[in-house]
Amino acid sequence: ALGVVRPADLTGLRVAVTAGGTREPIDPVRFLGNRSSGRQGVALARAAADRGAEVVLIAAHVEQAVRADAVHPRVSIVPVGTAAELGAAVTSAAESADVVVMAAAVADYRPAAVAERKLSKEDGPLDEIELVKNDDIVAGLVEARRPGQTIVGFAAETAEDAADLRERGIRKRRRKGVDLLAVNDVSEGHGFEQPDNAVLIVGASDTVVAEASGSKRHVADAVWDAVRGARA
Ligand code: CTP
Ligand code: CA
């Protein structure tokens with residue numbers, strides 16, 4: 001079947017997209033991670049490139065088969081591991097980006113120290129791992145935002161119902177200071193590790209400016225439509 005033919009309506013736009021999930025090492029073989037596959041971020045990068053944008057895709061632990069969808073002459077892929085690495089890469093890319101989309105699941109905390117050698121029960125029982133807070137990357141981007149730069153966040157929420165999801169999205173959009181926040185419900189078979197996604201897109205007016213559900217590509221196109229709307 002023929003898909004919808006999109007115009008090259010993002011031509012000339014420079015965008016940075018983060019995708020995947022960061023991993024915070026505990027020791028040489030273990031990490032604190034999350035379930036993000038990177039599919040939504042990859043779809044965002046690919047959609048932008050197909051619509052004419054120049055894309056930097058900062059990919060945290062996105063498996064090869066997923067990353068393959070972003071292979072395009074206008075996409076350059078920067079692999080990263082930890083939240084600190086992702087932060088450095090996206091902060092640098094943001095310096096020349098018109099739009100930054102933070103679709104990656106960034107670890108809020110990391111182990112205070114990384115053990116040099118593999119932790120072993122021979123060393124005695126391990127009761128706890130001390131954590132320290134990671135920097136809020138998107139907060140730094142918002143603080144350094146240039147005039148005309150658009151910053152988009154993503155939030156995965158386990159909401160009670162549709163109204164709760166919407167209220168959480170509005171609160172978080174305001175708290176993060178982003179221009180747009182795409183909020184997805186991960187409590188009912190949507191979101192992580194799923195081929196389909198469903199999002200509300202909250203805008204700076206504290207209203208839902210768009211809703212989209214379906215393939216991650218469809219959701220990606222809705223996000224770029226909302227970005228165009230916010231920049232108009
Ligand atoms: N984010 C970030 N840096 C972090 C954590 C999150 O830039 N250290 C970004 C994510 O990439 C996402 C947005 O912030 O675009 C919202 O992430 P989320 O985890 O929902 O926000 P938090 O402020 O961490 O709130 P919560 O306590 O609900 O996890
Ligand atoms: Ca978080």
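Q: Ground rules before we start, what are they?
A: The model is predicted: local features need pLDDT of at least 70, side-chain atom pairs count only at pLDDT 80 or more, and totals for chains, interfaces and linings use all residues. Residues are numbered from 1 along each chain as its sequence is written, chains are lettered from A and ligands numbered from 1 in the order written, and side-chain values use heavy atoms, leaving out hydrogens and water.

Q: OK, helix α1. Where is it, and how many residues does it have?
A: It covers residues 39-50, which is twelve residues. Helices here are DSSP runs of H or I with at least four residues, and strands are E runs of at least two, numbered from the N terminus. From first C-alpha to last, α1 reaches 16 Å, close to the 16 Å expected. The expected span is 1.5 Å times one less than the number of residues.

Q: Is α1 mostly covered or mostly open?
A: Mostly covered, with nine of its twelve residues buried. Buried means under 20% relative accessible area, exposed over 50%, partly exposed in between (1.4 Å probe, protein chains only).

Q: Which ones are buried?
A: Q40, G41, V42, A43, L44, A45, A47, A48 and A49.

Q: And what comes just after α1?
A: G52, with a positive phi of about 105 degrees.

Q: How does α1 pack with α6?
A: At an angle of about 60 degrees to α6 (residues 216-231), with the axes 8 Å apart. Axes are lines fitted to C-alpha atoms, for helices over the stretch in contact, and angles run from 0 to 180 degrees between N-to-C directions. The two helices are therefore oblique to each other. Angles under 35 degrees count as roughly parallel, over 145 as roughly antiparallel, 65 to 115 as roughly perpendicular, and the rest as oblique.

Q: Who touches whom there?
A: Contact means heavy atoms within 4.5 Å. Among the residues involved are R39, L44 and D50 of α1, and K216, V223 and W224 of α6.

Q: Switching to strands. How do β11 and β12 pair?
A: Antiparallel, over seven bridges, with β11 at residues 196-202 and β12 at 208-215. Strands pair if DSSP finds at least two bridges between them. V199 bridges to A212, and N197 to G214.

Q: What's in the turn?
A: Five residues separate the strands of this hairpin, and D206 in the turn has a positive phi of about 60 degrees.

Q: How many bridges join β10 to β11?
A: Four, also antiparallel, with β10 at residues 180-185. V183 has L200 of β11 as its bridge partner.
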